Amino acid sequence: MNRRYRKTIIAGNWKMNMTATEGKALIEAIKPSIGKVKWCDVVVCVPAVDIPMAVRSTKDVRITVGAENVHYEDHGAFTGEISARMLKDAGVKYVIIGHSERRQYFGETDTTVNKKVKAVLEAGLHPIVCVGESLEQREMGITKDLISMQVRAAISEVPADKIRRMVFAYEPIWAIGTGKTATAEQANEVCEHIRTIIRKEFGARTARAVTIQYGGSMNAKNAAELLAQPDVDGGLIGGASLKPDDFIAIVNAANQE
Ligand code: PEP
């Protein structure tokens, strides 16, 4: 973390796990402990049908609401889809884009990620762009090449003045939902690599202002070590974001002056 230059952001990714009723109980459980944290931003990315509840429930605290997906068109005949304009109107501030589950199961590609990034930025929201390698790709020694490709594709044709509004999440696929966490060194190495790509494209000032999270089985026990790394500016948290005590502990680990 380097709070002098950029925000630390802890974002929960509830995935397809909470009804609005269950989600409300979860938010009420975390609010008293982390609703007013000072040194990091807290986001809950929730299923689309939970968004109105989440926005209402977090109105009086410093927790913001994110979506888990978006369509890149502004409006039109796209049955079942939701645009960035609609998310904004509903009170959403962040949108997860390119999560490996969407790349694997729903045909998300680097091209659609880039279109979604541009649509989300255009709407005035913050994209959380997920990039990461499979175990096979890591073992082949191509992690950095792959991350470079994913990041370059995501930022293609994004105006320089909008890059600072982007958040990146380094999420090694082999660590998501598996209980296997990247070591703090592995996490930092790739987060630093992402920052280097931004620096080459947009300069040092922009690169040091961009928040780069780590995600992949981050939990109450390993969060402090991961967040102590200079280029790890927060976490995207799946499983542990559903357990109030664990999520509170992760936020507290990030809430350091
Ligand atoms: C995720 O889905 O983004 C994630 C990091 O999940 P988990 O924390 O459960 O590994």
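**Notes on the ligand site and an aromatic pair**

1. Start with the ligand: 14 residues surround it, and the closest are Lys15, Glu171, Gly177, Ser217 and Gly239. Keep in mind as you look around that this is a predicted model.

2. What kinds of residues make up that shell? They divide into 4 nonpolar, 8 polar and 2 charged. If you are colouring the site by residue type, remember that Gly goes with the polar group here.

3. Now zoom in on the ligand's oxygen atoms. Glu171, one of the closest residues, has a polar side-chain atom 2.7 Å from a ligand oxygen. His99 also uses its side chain: one of its N or O atoms is 2.8 Å from an oxygen of the ligand.

4. How much of the ligand does the protein bury? Taken alone, the ligand exposes 290 Å², and the protein buries 96% of that. As for where the ligand sits, the space it takes is the second largest pocket.

5. The structure holds 2 aromatic pairs, and one of them is formed by Tyr105 and Phe106. A pair like this is described by the distance of the ring centres and the angle of the planes. For Tyr105 and Phe106, the centres are 6.4 Å apart and the planes are at 80 degrees. Over 60 degrees counts as edge-to-face, so that is the label for Tyr105 and Phe106.

6. Are Tyr105 and Phe106 buried or exposed? Both are exposed.

Terms used. Residues numbered from 1 in each chain as written. Predicted model: local features only at pLDDT ≥ 70, side-chain atom pairs only at ≥ 80, totals over all residues. Heavy atoms only, no water. Phe/Tyr/Trp six-rings, centres within 6.5 Å; stacked < 30°, edge-to-face > 60°. Buried < 20%, exposed > 50% of the residue type's maximum accessible area, 1.4 Å probe, protein only. Near = heavy atom within 4 Å. Polar contact = N/O pair within 3.5 Å; in protein donor to acceptor, adjacent residues only side chain to side chain. Areas by Shrake-Rupley, 256 points an atom, 1.4 Å probe, with all protein chains shown as cover. 1 Å grid on protein atoms, 1.4 Å probe; cavity = no way out; pocket = protein on both sides within 12 Å on 5 of 7 lines; lining within 4 Å. Sits in = over half its atoms within 2 Å of the grid points.
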